Amino acid sequence: MCFNRGVWRPTYLSKMQSSSNTARARRAVQQLRIEASIERIKVSKASADLMHYCGEQGKYDPLLMGIPASENPFKDKKPCTIL
Amino acid sequence: MCDQTFLAITFGPCDSCSENRPLMNLYIKTEPINYCSLCMEIMACQGLASGETLKSLKAESETLRKKLEEERKKLHDVELEKVAEKAEALGELNMKTRRTLKGHGNKVLCMDWCKDKRRIVSSSQDGKVIVWDAFTTNKEHAVTMPTTWVMACAYAPSGCAIACGGLDNKCSVYPLSLDKDENLAAKKKSVAMHTNYLSGCTFTNSDMQILTSSGDGTSALWDVESGQLLQSFHGHSADVLTLDLAPSETGNTFVSGGSDKKANVWDLRSGQNVQSFDTHDSDINCVKYYPSGDAFASASDDSTCRLFDLRADREVSIYSKDSIMFGAASVDFSLSGRLLFAGYNDYTINVWDVLKGTRVAILFGHENRVSSLRVSPDGTAFCSGSWDNTLRVRQEGRGVGRELKQGGTTLYG
């Protein structure tokens, strides 16, 4: 048994690592090919969309806007006078 | 990347030699190929024979990486902060602690809300998992796990079960009984089996499937009923520390973050790593999707939180200050995505304006690291769990809905 990356593993597994360097490099190249081929948009467009979403949803956001006490399940029930 | 993590993930007939063996799952030009380890080695050597040397592969790897960088750079025409100058300024926030949940005997490591917006499940270092009613602060259920450091817990969408795990390398599901006296441990079901600690778990859209992340460097999708592994996700070169599922409207992907400083986006069905982000300088402790699903935020030991846009395929904002020197452990967005709540190892919670990149509030109160933070499903409150053994539920304290001036550009409180 040998200690590899913080875990005990059978030694034959570590030996296999070096002979799979090519397989690993090939997998890395395949992965990079996939990543390089995806469609991307400009940051200006992405930012505009994020802003638009925040703007649209902001008025329904209770952590942003607050909640009326009458609708707030976390508010302690206290006697109150209506002014 | 460590080959050991591939071993014995699926078992079946090899595509090449047709023998029933433990299979390695590989993708060649997006086609899934399931070879046993022997055929994999043969294929690798054949690759060498056709003139593809380790050297040429490494060179191609470099070229592709440079190309990726250039492509991303081309589209970087403006900063999010600049665009956000047009956005309305946020008024002062007044976050108040509404409930403090006391009862854990040791560090709270993880928590999750139930879809009913009132129940919370939390897990701790001493192995206890507690289900709370956050309105009344009552403990509804308590389970003692046969392991310490329960680092992950999750509530099922139906509210009828919880999942948890940690140093036992497993994720177990406990159906929640209406009978408070019933022994929950008796009905426990072991679902996931990893070869190292469980760092994160979440149910997918139903009670039937669980997604897990582990210190063994992989994430995996499991069927709860049979415990069968449905899909495994390989690509991290170190422990996977966190994961988050995309909001259901946007499709079948999830993002994971790890000790390898990378955040990877995965396709649930194919197991493919579709995007990768590696701008952090240290371990990524938490990742969370932006509510629209077009972006995600991350919290890292490098004391920064960052926003990554998926369609622009790059980091678009960084939330940091020179005065913040401790790692960030957990993040979550408010309902609209305008606020980012982040819990840090210096016991504070910083609230960031996601668009402008500025900090809008610091919240004190915890007496030790904030380990876990989640906004409730309806966005009315957020809960933070800490190494001080407590959980705190906080809300925006003004108590009165803000008014938007008609046609105006400022918010009043």
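Colleague: Let's start with strand pairing: how many bridges join S5(B) to strand S6 of chain B, and do they run parallel or antiparallel?

Modeller: Some ground rules before that. This is a predicted model, where local features need pLDDT of at least 70 and side-chain atom pairs count only at pLDDT 80 or more, while totals for chains, interfaces and linings use all residues. Residues are numbered from 1 along each chain as its sequence is written, chains are lettered from A and ligands numbered from 1 in the order in which they are written, and side-chain values use heavy atoms, without hydrogens and water.

Modeller: Strands are DSSP runs of E with at least two residues, helices are runs of H or I with at least four, and both are numbered from the N terminus. Two strands pair if DSSP finds at least two bridges between them. Here, 5 bridges join S5(B) to S6(B) (residues 119–124), and the two run antiparallel. Val108(B), for instance, stands opposite Ser124(B). The two strands form a hairpin with 5 residues between them, and Lys117(B) in the turn has a positive phi of about 65 degrees.

Colleague: Is strand S5 of chain B buried or exposed?

Modeller: Buried means under 20% relative accessible area, exposed over 50%, and partly exposed in between, using a 1.4 Å probe and protein chains only. In S5(B), 6 of the 6 residues are buried, so the strand is largely enclosed by the rest of the structure.

Colleague: Which strands stand at the edges of the open sheet in chain B?

Modeller: The order is S17-S18-S19-S20, with antiparallel pairing. S17(B) and S20(B) stand at the edges with a single partner strand each, so one side of each lacks a neighbour in the sheet. S19(B) pairs with S20(B) over 4 bridges, and Val265(B) has Gln275(B) as its bridge partner.

Colleague: Now salt bridges: what does Arg311(B) pair with?

Modeller: The rule asks for a side-chain nitrogen of Lys or Arg within 4 Å of a carboxyl oxygen of Asp or Glu. Arg311(B) pairs with Asp49(A), with the closest N and O atoms 2.4 Å apart. That pair crosses between chains, from a loop between S23 and S24 of chain B to helix H3 of chain A. Arg311(B) is partly exposed at 26%, and Asp49(A) is partly exposed at 24%. Both belong to a network of salt bridges that includes Lys45(A) and Asp294(B).

Colleague: And which residue does Asp353(B) meet in a salt bridge?

Modeller: Arg338(B), at 2.8 Å from N to O.
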